[in-house]
Amino acid sequence: MSNADLLQRSLNAVWHPCTQMKQHASRDDGSLPLIPISRGQGVWLYDFDGNRYLDAISSWWVNLFGHANPRINAALREQLEQLEHVILAGFTHQPVIELSERLSALTDNALGHCFFASDGASATEIALKMSFHSWRNRGRDKKQDFLCLEGSYHGETVGALAVTDVAIFKEAYAPLVRSARTVPSPDARQAKDGETSEDVARRAAAALEKHLEQHHESIAALIVEPLIQCASGMAMYDPEYLRLARALCDCYEVHLICDEIAVGCGRTGTFFAHEQAGIKPDFLCVSKGISGGYLPLSIVLTTDTVFAAFYDSATARGFLHSHSYTGNALACRAALATLDIFKSDQVLDKNRELSAHIGHCLAPFGNHSRVKHLRQRGMIAAFDVITDDPYFSRKFYREALAREILLRPIGSTVYFMPPYTISNDEFAFLAQRAAEALEAALK
Ligand SMILES: *Cc1c(COP(=O)(O)O)cnc(C)c1O
């Protein structure tokens with residue numbers, strides 16, 4: 001088997017996401033190569049022609065402890081021999097119970113009820129539906145609207161697009177979507193001369209307050225990506241915004257949904273990003289890294305108050321939502337193995353050292369004449385490239401692959417989101433090759 005064999009078959013039969021298929025087939029400036037992968041080991045991916053690629057974006061932000069992780073593999077093998085899956089309506093099993101208990105414990109049991117689905121967009125939809133329905137069950141029928149931040153990303157199904165504010169994903173489908181209202185983002189890059197990131201956060205919170213003052217009666221929830229708006233280009237913001245937003249949501253009786261699908265599971269330095277603001281949300285969406293990057297799984301955690309709003313003998317007052325693979329035993333077991341690694345390897349502590357090393361390796365980009373806003377929080381780092389080349393992102397991607405690294409800029413934002421198992425040497429290699437790729441892409 002060679003790359004070339006599989007490439008053509010894939011182009012014929014597989015409809016790849018997030019790219020025009022024509023770009024995969026073409027050879028011009030706008031082309032994007034398609035790479036058949038034969039296996040993965042640690043931070044490395046290997047193709048069929050013997051090339052390797054350092055997976056510096058954790059295969060779309062899902063992989064935490066490397067490919068073919070021996071401990072997750074072993075847990076899944078054991079689970080396969082016991083139970084692969086069982087209907088979660090009317091049945092239960094050990095992995096789903098244990099995972100629910102352990103996730104709740106990670107919120108200090110403030111969010112003690114876990115609802116399961118298979119992907120991030122479904123988690124968003126569940127949180128929106130639950131928020132709306134819980135208000136209605138409490139006689140607050142008017143609360144039917146949602147608020148999201150400018151530049152927010154919460155998934156791409158028709159329901160989730162309502163709270164996603166990224167034009168490229170949304171515009172084509174706008175007629176199908178019942179859009180939420182957007183309020184200003186606290187993106188720290190918006191700081192004016194002399195302003196701190198905290199000032200920007202206060203300014204954005206003041207705009208939120210103004211909106212809530214006028215419209216709170218019709219608003220069910222505000223949904224945010226805590227600390228980093230990842231998909232719109234790693235927009236980082238001060239925790240002060242979350243503190244103020246929490247207080248405003250309490251004051252105006254609006255739910256706060258924290259979408260930690262990307263920023264959860266240790267990415268920002270704490271297990272959940274909202275911990276850094278010392279707040280608790282009403283809903284918490286978790287996915288991506290929770291299964292270690294092995295299997296599709298998402299969870300929405302919520303409070304006793306929300307749970308109680310549905311607790312009744314009437315079916316119509318219950319939460320009406322189900323997926324075939326809800327609470328899949330294998331996916332839950334992969335998540336348990338992932339949580340085990342966090343504990344036994346003291347991952348959050350180790351990541352503090354690793355993120356300092358990452359900052360050190362990337363510091364030279366801060367002096368580059370074509371780079372601005374070099375920024376980092378925990379295990380996510382990014383910078384913006386000053387360019388008006390519409391093909392910059394694809395050129396950089398190709399130049400990076402040619403140098404054995406997988407980095408996929410979002411527009412002109414280059415970001416790093418590696419597995420936590422990356423070694424210091426591997427990250428130094430990554431930073432060096434990224435610098436070479438940048439020069440080549442800017443030429
Ligand atoms: C990726 C992502 C989603 C959507 O998750 P999918 O599994 O891709 O549907 C939702 N919210 C955030 C913050 C994300 O990063």
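Helices (H or I, at least four residues) and strands (E, at least two) are DSSP runs, numbered from the N terminus. This is a predicted model, in which local features need pLDDT of at least 70 and side-chain atom pairs count only at pLDDT 80 or more, while totals for chains, interfaces and linings use all residues. Residues are numbered from 1 along each chain as its sequence is written, and side-chain values use heavy atoms, with hydrogens and water left out.

**Exercise 1. Place Ala435 in the fold and state which accessibility class it has.**

Step 1. Ala435 belongs to helix α15, which covers residues 424–442.

Step 2. The classes are buried (under 20% relative accessible area), exposed (over 50%) and partly exposed in between, with a 1.4 Å probe and protein chains only.

Step 3. Ala435 has a relative accessibility of 27%, so Ala435 is partly exposed.

Step 4. Val183 is 252 residues from Ala435 along the chain, and their C-alpha atoms are separated by 36 Å.

**Exercise 2. Describe the overall dimensions and composition of the protein chain.**

Step 1. The chain contains 15 helices and 16 strands.

Step 2. The radius of gyration is taken over C-alpha atoms, and the globule rule is 2.2 Å times the number of residues to the power 0.38. For 443 residues a compact globule would have a value near 22 Å; the protein chain has 22 Å, so the two agree.

Step 3. The C-alpha trace spans about 60 × 60 × 45 Å along its principal axes.

Step 4. Of the 443 residues, 53% count as buried. The accessible surface (Shrake-Rupley method, 1.4 Å probe; for residues, only the protein chains shown count as cover) is about 19,700 Å², and carbon and sulfur atoms supply 52% of that surface.

Step 5. A contact means heavy atoms within 4.5 Å. Among contacts with a separation of 6 or more, 71% are between residues 24 or more positions apart.

Step 6. For charges, Lys and Arg count as positive and Asp and Glu as negative, without His and the chain ends; each charge is placed at NZ of Lys, CZ of Arg, CG of Asp or CD of Glu. The mean positions of the 43 positive and 52 negative charges lie 2 Å apart.

**Exercise 3. Classify the ring pairs Phe271–Phe342 and Phe383–Phe416 by geometry.**

Step 1. A pair of aromatic rings is described by the distance of the centres and the angle of the planes. Rings of Phe, Tyr and Trp (its six-membered ring) pair if their centres lie within 6.5 Å; planes under 30 degrees apart count as stacked, over 60 as edge-to-face and the rest as tilted.

Step 2. In one of them, Phe271 and Phe342 have ring centres 5.0 Å apart and planes at 75°, so they are edge-to-face.

Step 3. Phe271 sits in the loop between β10 (255–259) and β11 (283–286), and Phe342 in helix α12 (residues 329–344), so the pair ties together parts 71 residues apart in sequence. Phe271 and Phe342 are both buried.

Step 4. Phe383 and Phe416 are tilted, with 6.2 Å from centre to centre and 45° between the planes. Phe383 is in strand β14 (residues 380–385) and Phe416 in strand β16 (residues 413–416), so that distant parts of the chain, 33 residues apart, are linked. Both residues are buried.

Step 5. Phe271 and Phe342 also share one aromatic cluster with Phe65, Phe272 and Tyr420.

**Exercise 4. Determine whether Ser58 and Ser59 are buried or partly exposed, and give their phi values.**

Step 1. Ser58, in helix α3 (residues 58–61), has a positive phi of about 50° although it is not a glycine.

Step 2. Ser59, also placed in helix α3, has a positive phi near 50° and is likewise a residue other than glycine.

Step 3. Ser58 has 0% relative accessibility and therefore counts as buried, whereas Ser59, with 30%, is partly exposed.
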